[in-house]
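Hi everyone, thanks for coming.

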Amino acid sequence: MRKTGRHIGRFAAVIAIDAVIVWFYFKEIHVNPTTVGFTFLLAILVVSATWGLQYAIFMAMVATLAYNYFFLPPLLRFTIADPQNWVALFAFLVTAIIASQLSERARREAVQSNQRRHEVERLYALSQQLLVSDNVFGLLNSVPAYIVETFGVAGAAVFLENKSKMYFSDIAIQSSLPVEELKAVCGRGELVRDRQRDTCLVPLRMGARSIGSFGLTGCNLSRETLEAIGSLIAIAIERAGTMEKLSRTEAARESDRLRSLLLDSVTHEFRTPLTAIKASAETLLSEVDLPAPQRKELLTVINEESDRLNRLVGEAAEVAQLDARQVELRFEPHHIRQAVDLAIQESKHALEHHPLEIAIADTLPPVKMDLDRIVEVLAQLLDNAGKYSPPSTPIHITADVRAGQLVTSVADHGPGIDDFEQSMIFEKFYRGRDQRVSIQGTGMGLAIAKAIVELHGGTIGVTSQVGRGSVFYFSLPITS
């Protein structure tokens, strides 16, 4: 109804424009017929370029009649006395129609050019959205909504052949895009446009192979654009699937590497105390009469190595719990100096040959933390500093506030860590190349410290220079 009213209004406007030109030249300004004809022609061109060919031809017909009646003698009659005026009238009509057609063609081509440009821009926007996701399931759920959002269609659905599953932008359009039709289009590999239902069904093609199809309702896109959308979706799905396979392969490879590291570390670390315990026990069980001091020494070895085994098992269990985030933390406000003092007590054996230099202001704000866990982090850093630093070299402990974070540092004067190892030092089971044999350890301590700090919402890192020492630091967020 609205469209019909608009047509009637434009036809009326065309008649009104012709009437204004006639009134102006017949009543106000008297000019020769040639000037009137050119004015009519100019108005027809403007109408053709603005509204289209049908209005321009109608205007040309009305203008021809008005030109004959008001400006060609005899005036005010639909007759022409001079045969030359017949030629002029016919030439005017033909020129007006041809000029209208040319103007309409230029207008139509400009409209099509703009439409193609908009479609290319939308295709680019769609490609950007499709290439963001590396998860094939997340991508398939999002693609219909992306199409609706980008191209302004009423609804969209995607069918994937290898999954035999449909993905809709809106569940309400299921009846408009039946799965049987999308399957058929995927099998034939040909685009189908149903103008009566205003739907388009397009195959998703990778070369000569169809991997699925998609359908649109409220579709007014060109065939080229629809095929381009299908190619983009197919490429994005294949890319996401490939990335997913690569990720799984990489994860499996990483899992194998960690499993190998775990076995190597556990085998080495468990074998040493077990060997010592076995040897001591066999000596004690032998019939050799040992003096009391020697028997005590062997029992002490058994006790210490048993503690070491217990610690190894505890660290392995803790790593598993932290990785699975199955650790319950009790967050309470504490001053960092309290955690430092408790960690120093726990690490006094490793620090007995090192003077401590502590620079922690009393004015530092308290931080919400699980005190026992942060003490564990500090004790690990202090143990490492004590083990890897030459005797009598000082160990520095500092804490200050930086950008809303409380940063605590432990600095030593040890051998330092090269740049390559700094990126790996917090990985599970990794130990420095130069200390693997000379210093006991499992390589789990820093990984545990990192997991604890991250569960607190902080970060941990190291700054080191070979031959000069290392500074291990971690940050905790300050909350009001």
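I'll talk about the cysteines and then about one serine.

Quick housekeeping: this is a predicted model, where local features need pLDDT of at least 70, side-chain atom pairs count only at pLDDT 80 or more, and totals for chains, interfaces and linings use all residues. Residues are numbered from 1 along each chain as its sequence is written, and side-chain values use heavy atoms, with hydrogens and water left out.

Okay, cysteines. How many disulfides does a search of the whole structure find? One, where a disulfide means a pair of cysteine sulfur atoms within 2.5 Å. The partners are Cys-200 and Cys-219, with their sulfurs 2.4 Å apart. Cys-200 sits in strand E4 (residues 199-206) and Cys-219 in the loop between strand E5 (209-217) and helix H7 (223-285), so the link ties together parts 19 residues apart in sequence. Helices (H or I, at least four residues) and strands (E, at least two) are DSSP runs, numbered from the N terminus. The link is left-handed, with -90 degrees about the S-S bond.

Now the serine. Ser-475 lies in strand E12 (residues 469-477), and at 8% relative accessibility Ser-475 counts as buried. Leaving aside neighbours within four places in sequence, Ser-475 is in contact with several residues, including Gln-405, Val-453 and Thr-459; contact means heavy atoms within 4.5 Å.

Methods. Buried means under 20% relative accessible area, exposed over 50%, partly exposed in between (1.4 Å probe, protein chains only).
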